[in-house]
Amino acid sequence: MTDVVVPETSKTDWTSDQEPRWCPGCGDYSILTAIQLMMPEMGLRREDTVFISGIGCAARFPYYMNTYGMHSIHGRSPAIATGLALARPDLNIFVVGGDGDMLSIGGNHLIHVLRRNVNLTILLFNNQIYGLTKGQYSPTSEIGKVTKSTPLGSLDEPFNPVSLALGAEASFVARTHDMDRQHMQEMIRQAHDHDGSALVEVFQNCNVFNDGAFGAITKKAHRAEMLIDLQAGQPVRFGPDLNKGVVLDPSGCATIVDVTPENEASVIVHDPSHPDPSLSFALSRLSSGPYEPTPVGVFRSVRRPDYAGEVSRQLANAQDTKGPGDLGKLLNSRPTWTV
Amino acid sequence: MTDTASAKTEVRQLDSVIVRFAGDSGDGMQLTGDRFSNASALFGNDLATLPEFPAEIRAPQGTLAGVSAFQLQVASHDITTPGDAPNVLVAMNPAALKKEVHRLEPGGTIIVNEDSFEERNLSKAGYAESPLDDHSLDAYQLFRVPMTTITKEVCKDLGVKPRDAERSKNFFALGLVSWLYHRPSDTTLDWIQTKFSRLPNVAAANTAAYKAGHAFGETAELFHVSYEVRPAQLPPGTYTNIDGNTALSWGLVAAGQLAKVPVFLGSYPITPASDILHELSKHKNFGVRTFQAEDEIAAVGSALGAAYGGNLAVTTTSGPGVALKGETIGLAVSLELPLLVIDIQRGGPSTGLPTKTEASDLMMAMYGRHGEAPLPIVAAYSAAQCFEAAIEAARIALKYRTPVILLSDGYLANGTEPWVLPDVDSLPDISVPFATDTNGVDDDGEPVFYPYLRDPVTLARPWAIPGTSGLMHRVGGIEKEDVTGNISYDPGNHQLMTDLRQAKIAGIADDIPATMTAGDIDDADLLVLGWGSTWGSITAGMKRARAEGHKVAHAHLTHLNPFPADLGDVLLRYPKVIVPEMNMGQLSKLVRAEYLVDAASVTKVMGQPYTAGEIYTAIVDALTGEEGGNR
């Protein structure tokens, strides 16, 4: 905040002196590297940047960034970050957590932070498993998941985090995965540039307790067939020769079709800035798990007033209309008498 | 006898009077009591009030469950309680009479709204026969006043609908009682005009009803005596009549000004704490940010986030909320950040008695977290003193970088008393500096910032807020290495950090006032030890005992953790110690454990504060050998 020009930094400047303690081969490493590499290009100051996390493997993230940071309580990071964002609208605040942290114990805070549109960049590392507690099923695990706590298979319908966020009135929702650094960086950059809450779901491999959960869609050889790359203003098409496309069927559901000259015009053109999230929601329903073609990219990006900005505006208005607070006046604001 | 408005009426001087207004939840009894209090305050009386209302917004009309009452004592001298047995009961319906009459002093005055004593209401209250006619009230002075009829009559020509007119009957009652006790009318009539300026019909009806009630007293020849309570000889100053929650809110606003940092309140609505959220949300021009969170956990979480960002962070709640906030308060202990947790206690466990008072969260405040998580506890002792308590709690939180629990209760929250306004310039400076520079060198001789390098005197760690260049650091709930704050699972380090956190809180004993004492300090046969809102009842009960020649002293704790440094000496100075509490003996257990003193517990958990009489009896019993027990 002292000088006008943000000093140039390198990845090293953004790397703390603490050695990461994730398992070798964990997807978290590639996300950490992607972020440490992109930070110098974002035009941010380290001292104005804060990483807030809850509990879980992903939540160790702040310790490895040479910024301000808080490793807080399981599930509560969106709430803590909300208070910090309201108190300090000048900061760049990132919230990092896993699927258990943000969708299970912290599900309530996540939906409320999204609807309020607090200016936070929320990175949801989804590995569909509890890692730190050694392998129980999570709220994104597929039905029938056999884990230590579900020896006969899990019975719970999983959350689709993108659908959940869209339903919670999120103004920015994107999805990416840990095998594509460039795409990750692009999604995180757009999320950070967005005014208000921005949720990025990152498919992240837990190579110890749920190895290969996303392999069917994120392995290089499968990507063209299995990842639907959403691009604003472009028809939603994928496949090696873009031979597949997404159309709305007569009942209004998004459906994958082979693109033909006859149906080409009916392929959906993606518009993340559309005020109505219905089409984005329909796209999020294309896949119910990482075993069928799954959209990645920005699902939704609309402008809504940032919550902290609105809170500050009310304060400024109050000072304009009532004048700055005067304690003596306040104490005498009720009927008084003198002895 | 002095001159009076009505020549037929005798005027008697009283030192004090206790009035209890009671009616259905929809009858406006809280408003009536509040107005009577304010008129008395502006007249110059000392006073204390006790609003009592059900948790339901509108319990079934006319039932015992729906009775709402407001008791107050006004006096020509210094008083500390809303009084024991009322001298006058105003009962707006049969249920109110049935529920409240047992409180009245023998021979006391009952004023009833006669119109409401019809079959339906009598049966709802469980009366087979009207108590107005069956001589069951012969021991009292009963005045039957057709309040509804007269109110409707005087509103007839005002263009007010009959239903709206009927709703003004509480102002009739207020007018009548104001006449009976020579309360000035201007205060109330002015208030009606201001309050209902946008509803001229309502203002007109209320004004007419008040005047009719006043005139009724003067002309109906029912009342042969009226009473005067002269202004009290209070210390000089400018006074206002204030309730605990407003005083506490203003204390928080003041604390922000005195600390020179913005106030942030994260809160979730809960009785009886919500009024603090309401009040603070009005003071945005002081830079106060209020945030109504999605739940109690988010409320305290947001406050902790704001504390990390450099605000004076506050969360307000009641017992159930404190239970939910426990994990975050533990994190605040570990992060060593300033945080005010304000608990307006109510009856528990669980939902308990949401609108009734109790002081049973002391042990939760002390120990209600996992692990060794000591924190300072401050307790307010009167409605007006909540202002000072809030500033004191903030001072400790900021100076020692620690969460502080401030305990108030439902009685203090809603009760009012005259408050001599402090001189703003005399309030303490409680500001603390943020860290701005590195505070050490690493192995290579490079300057570094150690977030857990402590102040040698206070043991507080530096408060380095985001935005400060060169001081980037990470904090978290995992145990931290001494000085560096890095994650550490080292056995010796955990012992050291636990010891340091404990020592930091214990050391605050040297930075708080000595135990507050009163009464026969030098030669008492008995010490009454209290904390929190029992102060008023103990003061009044002890006064009664001393007037009879008993030698009694009173020690009152404003700080529950750590205890004042001299508390052990105070306790051991007297042959006997009793500890009256609105719980099952929590403070008595703490002092017995800490000082090996035979402090006898006196307990009451009835949703109501102690009366002075109950404390008096406890004192006399203790002095005659019958210590302890339930009141």
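These legends describe close-up views of a predicted model with chains A and B. Local features need pLDDT of at least 70, side-chain atom pairs count only at pLDDT 80 or more, and totals for chains, interfaces and linings use all residues. Residues are numbered from 1 along each chain as its sequence is written, chains are lettered from A in the order in which they are written, and side-chain values use heavy atoms, without hydrogens and water.

**View 1. The largest nonpolar core holds 178 residues.** A nonpolar core is a set of buried Ala, Val, Leu, Ile, Met, Phe, Trp, Tyr and Cys residues joined through side-chain atoms within 4.5 Å. Buried means under 20% relative accessible area, exposed over 50%, and partly exposed in between (1.4 Å probe, protein chains only). L529(B), L587(B) and V591(B) touch the most other members. Helix α14 (residues 386-400) of chain B gives the largest share, 11 residues. Helices (H or I, at least four residues) and strands (E, at least two) are DSSP runs, numbered from the N terminus. A second, separate core has 43 residues, including W337(A) and F143(B). In soluble globular proteins, nonpolar side chains tend to be buried together.

**View 2. L587(B) and its contacts.** Contact means heavy atoms within 4.5 Å. Residues up to four places away in sequence are not counted. Among the residues that L587(B) touches are L362(B), L529(B), W531(B), F563(B) and E581(B).

**View 3. N285(B) meets chain A.** N285(B) sits in the loop between α10 (274-280) and β11 (289-292) of chain B. N285(B) counts as buried because its relative accessibility is 7%. Beyond four places in sequence, its contacts are A318(A), Q319(A), K322(A), G323(A), P324(A) and G325(A). A polar atom of the N285(B) side chain lies 3.1 Å from the backbone oxygen of G323(A).

**View 4. The interface of chain A and chain B.** Chain A brings 59 residues and chain B brings 70 residues. The buried area is about 5500 Å², with 63% from carbon and sulfur atoms. Buried area is the accessible area (1.4 Å probe) that two parts lose on being put together, summed over both. In chain A, Y68(A), L331(A) and W337(A) lose the most area to chain B, together 16% of what that side buries.

**View 5. A salt bridge between E294(B) and R116(A).** The closest N and O atoms are 2.8 Å apart. A salt bridge is a side-chain nitrogen of Lys or Arg within 4 Å of a carboxyl oxygen of Asp or Glu.

Terms used:
Polar contact = N/O pair within 3.5 Å; in protein donor to acceptor, adjacent residues only side chain to side chain.
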